[in-house]
Amino acid sequence: MAFKKEIVEIIEPKDVFVGNIKASVTLEEFGEYESEACAKANEVVKQLLEEYDGKIRFNFRHFPLTTVHQRSLKAGEAAVATAQSGKFWEMHNILFTNRRNLGTTSLKLYSREAGVANKKFLDELVNATYGWQVQGDIREGLNRGVKDVPTFFINGERYTGKPTFEGLSKALDAVIKKVKRKAPAAKQRA
């Protein structure tokens, strides 16, 4: 008797956005959940999403600095696990709020707080079910020259300034203006 293998579709971190999903400007961050700098950047990103409501979309990619923060890898896996239930952003913010307490048992409790009802969550964490997705983000980050967190990209171009509201706003304004200039020219040719 042959067994039918169940194929499970995994939602990858590169496919999880907040903001206007159809926006022509993408702000992308490579970060991790134990970093104080990433926690500060998360607050900046929240402000940017409010200020640029409808104009941008945001994507968070996992780049745990495990030599400094041993629990950031599992926290990233926990975030990917919650994405499977559509609760990534809820978990993302909970993890930053609790960045000093990211043990496996705590991650399970945070998943419930985020609204995830997966009874296998702890098993999936222990067995690193979503470890490949976090490793994929790390590989992509390394290929794109990421060495430290937070590292931001706007429409694929690396942002080199400080991740402040003012700095990122100026960079976003410039990209939005450039995208608007290209859009009418493309319509005229059509």
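The entries below concern a predicted model.

**Entry 1. Glu32**

I located Glu32 in the loop between β2 (25-31) and α1 (36-51). I then asked which side chain of opposite charge is nearest to Glu32. A salt bridge would require a side-chain nitrogen of Lys or Arg within 4 Å of a carboxyl oxygen.

I next looked up the polar partners of Glu32. Its side chain reaches the backbone nitrogen of Glu34 at 3.0 Å. The side chain of Glu32 also makes a polar contact of 2.9 Å with the side chain of His69.

I listed the contacts of Glu32, leaving aside neighbours within four places in sequence: Cys38, Phe60, Phe63, Pro64, Leu65, His69, Ser72, Phe96 and Val149.

**Entry 2. Aromatic rings**

I noted 7 aromatic pairs in the structure. For Phe30 and Phe153, the ring centres are 5.8 Å apart and the planes lie at 75°, so I recorded the pair as edge-to-face. This pair links distant parts of the chain, with Phe30 in strand β2 and Phe153 in strand β4 (residues 151-154), 123 residues apart. Both Phe30 and Phe153 are buried. Together with Phe63, they form one aromatic cluster.

**Entry 3. Arginine over rings**

I asked which residue lies over the face of Phe153. It is Arg144, at 4.0 Å from the ring centre. Elsewhere, I found Arg57 over the face of Phe17, at 4.1 Å from the ring centre.

Terms used
Residues are numbered from 1 along each chain as its sequence is written. This is a predicted model: local features need pLDDT of at least 70, side-chain atom pairs count only at pLDDT 80 or more; totals for chains, interfaces and linings use all residues. Side-chain values use heavy atoms; hydrogens and water are left out. Helices (H or I, at least four residues) and strands (E, at least two) are DSSP runs, numbered from the N terminus. Buried means under 20% relative accessible area, exposed over 50%, partly exposed in between (1.4 Å probe, protein chains only). Lys and Arg count as positive and Asp and Glu as negative; His and the chain ends are not counted. A polar contact is a pair of N or O atoms within 3.5 Å; within protein, one must be able to donate a hydrogen and the other to accept it, and residues adjacent in sequence count only if both atoms are side-chain atoms. Contact means heavy atoms within 4.5 Å. Rings of Phe, Tyr and Trp (its six-membered ring) pair if their centres lie within 6.5 Å; planes under 30 degrees apart count as stacked, over 60 as edge-to-face and the rest as tilted. A charge sits over a ring if NZ of Lys or CZ of Arg is within 6 Å of the ring centre and within 35 degrees of the ring normal.
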